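Subject: Structure for your review

Dear colleague,

Please find below the structure that I am handing over to you.

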Amino acid sequence: MEDDMSVLATDKRQLTLIYNSETSLGKQTVGYVESSGDKIQMVDISKTSLGDTVWVSLAEGLNKPFGELLATDHPDAPEIDGGNFSTDDWLKLIKKNPVLLQQPIAVNGDNYMQVDTPSEILKFFDVDSAGLAKKPLGQQPNTDANDEEPFV
């Protein structure tokens, strides 16, 4: 049974990776994410269908047209002339052909990135596990407890 994700969390505390487990780049990127130890919401589009609003948000967040998000030259891609595609056409195409998403998409708050190499994901998700804000070298982080984050 297919799940459906119709809303994308854009909370700065929520790290999200959208990928296709049927692609080598998707599998490798997941491996890097899992080894990082960070808690990240991973959405495999070969198993979970993204809603149209999520796809539009991703394209806008990346500041790319749909044709640049997808690998239209992939061997499994249908024969397409992307120059004449409307947004609706792209949305139908990605739903029927999730393999077109060869490059995973990472989201953290208002920051979006399309992954070219698996190791890039570590830089993007470089968040201290205790939730401490990064400080310039030599400055001590603020370790005072607050109401928003539990301190262990």
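This is a predicted model: local features need pLDDT of at least 70, side-chain atom pairs count only at pLDDT 80 or more; totals for chains, interfaces and linings use all residues.

Strand E2

Strand E2 spans residues 15–19, and five of its five residues are buried. Leu15, Leu17 and Tyr19 point to one side of the strand, while Thr16 and Ile18 point to the other. E2 has an antiparallel pairing with strand E5 (residues 105–108), made over four bridges; within it, leucine 15 stands opposite asparagine 108. E2 also pairs with strand E3 (residues 41–44), here in the parallel sense and again over four bridges. In that pairing, glutamine 41 of E3 is the bridge partner of threonine 16.

Helix H2

Helix H2 covers residues 52–62, and its buried residues are Val54, Trp55, Leu58, Ala59 and Leu62. Viewed down the helix axis, these buried residues fall within an arc of 135 degrees, so they line one face of H2. The face turned away from that buried side carries the exposed residues Thr53 and Glu60. Just after H2, asparagine 63 adopts a positive phi of about 55 degrees.

Lysine 92

Lysine 92 belongs to helix H4 (residues 87–96). Its relative accessibility is 53%, and because exposed means over 50%, lysine 92 counts as exposed. Lysine 92 and aspartate 52 are separated by 40 residues in sequence, with a C-alpha to C-alpha distance of 9.0 Å.

With kind regards

Conventions. Residues are numbered from 1 along each chain as its sequence is written. Side-chain values use heavy atoms; hydrogens and water are left out. Helices (H or I, at least four residues) and strands (E, at least two) are DSSP runs, numbered from the N terminus. Buried means under 20% relative accessible area, exposed over 50%, partly exposed in between (1.4 Å probe, protein chains only). Two strands pair if DSSP finds at least two bridges between them. The arc is that of the directions from the helix axis to the C-beta atoms.
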